[in-house]
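Visitor: I've got a model open and some quick questions. Can you walk me through it?
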Amino acid sequence: MSRATKQYILAIAGILCFITGLVLLKAIAEPKGVLQVLPYLCIGIGCGVFGHGAGEIAANRAYAKNPQLRKQMEIEKQDERNIAIANQAKAKAYDSMLYVLGAVMIAFALMNVQTTTILLLVGAYLLVVGVFIFYLNKYQKEQ
Amino acid sequence: MKNRLEELRKARGIKQEELAAILEVSRQTIGSLENGRYNPSILLAFKIARYFDMNIEDVFIYEEDAQ
């Protein structure tokens, strides 16, 4: 399957998902349980998938008219300085995320929020730190 | 780390855009290299040196004091 076909399938799947969400929203008068959330989930995912697919199709059309633009975009994407800057920014964002998550955990604890919610947040925090330690070890061995 | 990129490029009579296209990097990378704001990877340094038919140490000047 070609890349263009995949993009069209993705865009159509997004539209179908969005329509399914709308239909579910109208069809079910008194939703219960998972059906309360499902229509909105379908609409959200549908919009996201359609947006991604349509964006790729539009970009490909622009590139087809101007091959020089495609080459330039590829250079920009693979440019080592751009990659280094993006990685630096991600590292800063990760550092700040740990502080933000820590602050949110303290705030939730002070607000007497449900223990399950706080534990979920602590779990997410530890998972992120775990992923960091995993990749730190992996790259230490590889490089 | 200082370098002679701007001087060498001008001596060849090429624009930043042209050098960027030859080295397959962005024009901004060439600008940053020339200003000394960005130090290239060893691969890019080799690529630059090869393009100018020079050794790396003839293009990039290592200064111990700057470390």
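Visitor: What is the handedness of the crossing of H2(B) and H4(B)?
Guide: Right-handed, where the near helix is turned clockwise from the far one by less than a right angle. Helices here are DSSP runs (H or I, at least four residues), numbered from the N terminus. This is a predicted model: local features need pLDDT of at least 70, side-chain atom pairs count only at pLDDT 80 or more, and totals for chains, interfaces and linings use all residues. Residues are numbered from 1 along each chain as its sequence is written, chains are lettered from A in the order in which they are written, and side-chain values use heavy atoms, without hydrogens and water.

Visitor: At what angle do H2 and H4 of chain B pack?
Guide: About 115°, with axes 11 Å apart. Axes are lines fitted to C-alpha atoms over the stretch in contact, and angles run from 0 to 180 degrees between N-to-C directions. H2(B) is therefore roughly perpendicular to H4(B), a label for 65 to 115 degrees.

Visitor: Which residues in H2(B) and H4(B) meet?
Guide: B:Leu19, B:Ile22 and B:Leu23 in H2(B) touch B:Lys47, B:Ile48 and B:Tyr51 in H4(B). Contact means heavy atoms within 4.5 Å.

Visitor: New topic. How much area do chain A and chain B bury between them?
Guide: About 750 Å², 45% of it on carbon and sulfur atoms. That is accessible area (1.4 Å probe) lost on being put together, summed over both parts.

Visitor: Which three residues supply 68% of the area that chain A buries?
Guide: A:Ile75, A:Glu80 and A:Arg81.

Visitor: And how many residues does the contact take from each chain?
Guide: Seven from chain A, ten from chain B.

Technical notes:
Helix = DSSP H or I, 4+ residues; strand = E, 2+ residues; numbered from the N terminus. Parallel < 35°, antiparallel > 145°, perpendicular 65-115°, else oblique. Buried area = accessible area lost by both parts, 1.4 Å probe.
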